[in-house]
Amino acid sequence: MPYLKLLHAKTPQVHALSRDVTVLGRSGEADIAIRGDRGVSKLHARIETEASGYVIADLGSRNGTYVNDHPVGGEPAPLLPGDRIRIGQTILVFEAGAPSGAAPAAKEDGPQAQPSLFRADQLPYTMAGRAGGTPAVKPEETDSRLLKLTELSKEVMTARSEAELGALVTRSLLEWLEADCCAIVQPVETGDGYEFEIQTLASRPGYEDRSISISTTAVKQALENRMASITSNALGDERFRDRQSVIVRGLVSILCVPLWHEDRVFGLLYLDSADPSVQFTVDHLGLSSAVANLTAIKTDNLRLFDAAVAKSALDKELALAGEIQAGLLPGESYTFNLLACAGTHVSCEEIGGDYYDFIPYGEDVLTVTIADVTGHGPSSALLMVACKTMLTTLIDIGVPLVERVGRLNEYMLQHSSVSQFITFFHAEIDTRADTLRYCNAGHNPPMLLAGEGPVQKLHSVTPPLGIAAVSFEMEAVRFGPGTRLVMYTDGVTEAANADGELYEEQRLECLLTKHRRQDAGALKDTVMTAVFEFSAGSRQCDDVTLAVVEHTGA
């Protein structure tokens, strides 16, 4: 019969847990009265038996109840032999079996007299012996199991996949414990409880084609509390009474251990047996737990390795995509008649969603474009490539400016997701007429620098492409000799310094005004240097793209 042993008392005190419910407290109404400790409430805690063993619950005490220095919360906590219970300043130890010197308690009928629920982190120690009791197994049996574990550990370290690991572990435990089946199971929580995906299954001859029976309660305990369970009388265990396969097969022993490592549960290790001569014990549970922990560690390592390999392959693919994307841009310098162009693109990831371009339209007209696709990464880059491809085609076949933008917008509305759109500035610079004609669809206003006077901003008058079916209009401004057009994405004006302050449009305007005499390439370098010096020490969160067009005529 389990009992409580009071520590640090003047005279040894032992309290047998002879009732289904035992109340601890300072009051005389408590079954076990603890005097002289003002930290103990009148009715402090309750110990009771359940199908899985003994549990302790706090009764709303002022100072709380602790098991092995862990507070007992709203749910009862299971008790294992050797657990230290603290209430106030009083410490009691929960022990199994009869107290030393006491008459042995009458044994219950059947194997269910043994506890059936255990904390998984304590189970490996049962291989050597139980706390507060005699050794669980003979020394030679312990040596044999340790030898098996050592050999298995060597084989586990060489496993190259989870399938290979699962087959090795289940075959070994099936043989060691003489079970009917051993499985590694991945539980999936559903609205009605749990469903189970068998990852690996090893069975004795004649038991290959059958289902396995796992208690939902046991699974929940394993996943949420890292509790392992064992029953040596499955037909009499209320957790399995409604399992038809348990009844049909006449299962005797069922064992369930979580595969856990560093507070993560990777699955469950399950064994069962219908042979009355093969009854799982706490020692078997300890051995299985040690194997489960070893399996969980190796599983974690395999997944980390697979993730590293996948990331390496992805990095190579993204690097190649970045090279292809860079090849689609016109380069950092470009000349057309009397126009000198300079541009640059710095992505915050391997590939980005910003775009700029210079494409001739006849002998006297150069089209210039800058665009920003929402988001970053592959999806934005793909949309950018589609935009460039379609725009190039529309220019090549001679579609007028306003119609080009309209058809791009129609394409976006039909083929992009609802969360994607493109801010888009597109212009034609006529070197014969010294004129710039443009449409701005929701993009940051490019800045026009003439030889003298204030900076002129080419503001947007329509929403970005891909938001709504709208009509686009063309605006026109003079673009004579000495004029410079500076186009940029919001990665420039929204670059942040270490204090979270943004670079902003006003700072860019002041910088351009100060250096308005620089040629296109120098002006581009000046702006990029200023932006990255300003944001030094902070993470780049957006693509930074800049393009400058200069009229070099006299």
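Q: How do the residues of the lining of the largest cavity divide into nonpolar, polar and charged?

A: Rolling a probe the size of a water molecule over the atoms shows where empty space is left. In this model, which is predicted, the lining of the largest cavity is made up of four nonpolar, three polar and two charged residues. Tyr438, Val461 and Glu473 are among the residues that line this cavity, and the space inside comes to about 40 Å³.

Q: Which strand gives the most to the lining of the largest cavity?

A: That is strand E23, which spans residues 435–441 and supplies three residues to the lining.

Q: How many cavities of 30 Å³ or more are there, and what lines the second largest cavity?

A: The count comes to two cavities of 30 Å³ or more. The second largest cavity, with a volume of about 30 Å³, is lined by Cys387, Leu408, Tyr411, Met412, Ile422 and Leu465. By class, this lining has six nonpolar residues, with no polar and no charged ones, and its largest share, three residues, comes from helix H7 (residues 401–415).

Q: In what order do the strands of the open sheet of six strands lie?

A: Strands of a sheet pair through backbone hydrogen bonds, either parallel or antiparallel. Here the order is E2-E1-E11-E10-E7-E8, and the pairing is antiparallel. Strand E2 (13–16) and strand E8 (70–71) are the edge strands, each pairing on one side only.

Q: How many bridges join strand E7 to strand E10?

A: Three bridges join strand E7 (residues 65–67) to strand E10 (residues 84–87), and these strands run antiparallel; threonine 65 stands opposite isoleucine 87 in E10.

Terms used:
Residues are numbered from 1 along each chain as its sequence is written. This is a predicted model: local features need pLDDT of at least 70, side-chain atom pairs count only at pLDDT 80 or more; totals for chains, interfaces and linings use all residues. Side-chain values use heavy atoms; hydrogens and water are left out. On a 1 Å grid over the protein atoms alone, a cavity is a set of points where a 1.4 Å probe fits but cannot get out, and a pocket is an open set with protein on both sides within 12 Å along at least five of seven lines; lining residues have an atom within 4 Å of a point. Grid points are joined across faces, edges and corners, and a volume is the space filled by probe spheres set on the points. Helices (H or I, at least four residues) and strands (E, at least two) are DSSP runs, numbered from the N terminus. Ala, Val, Leu, Ile, Met, Phe, Trp, Tyr, Cys and Pro count as nonpolar, Asp, Glu, Lys and Arg as charged, and the others, Gly among them, as polar. Two strands pair if DSSP finds at least two bridges between them.
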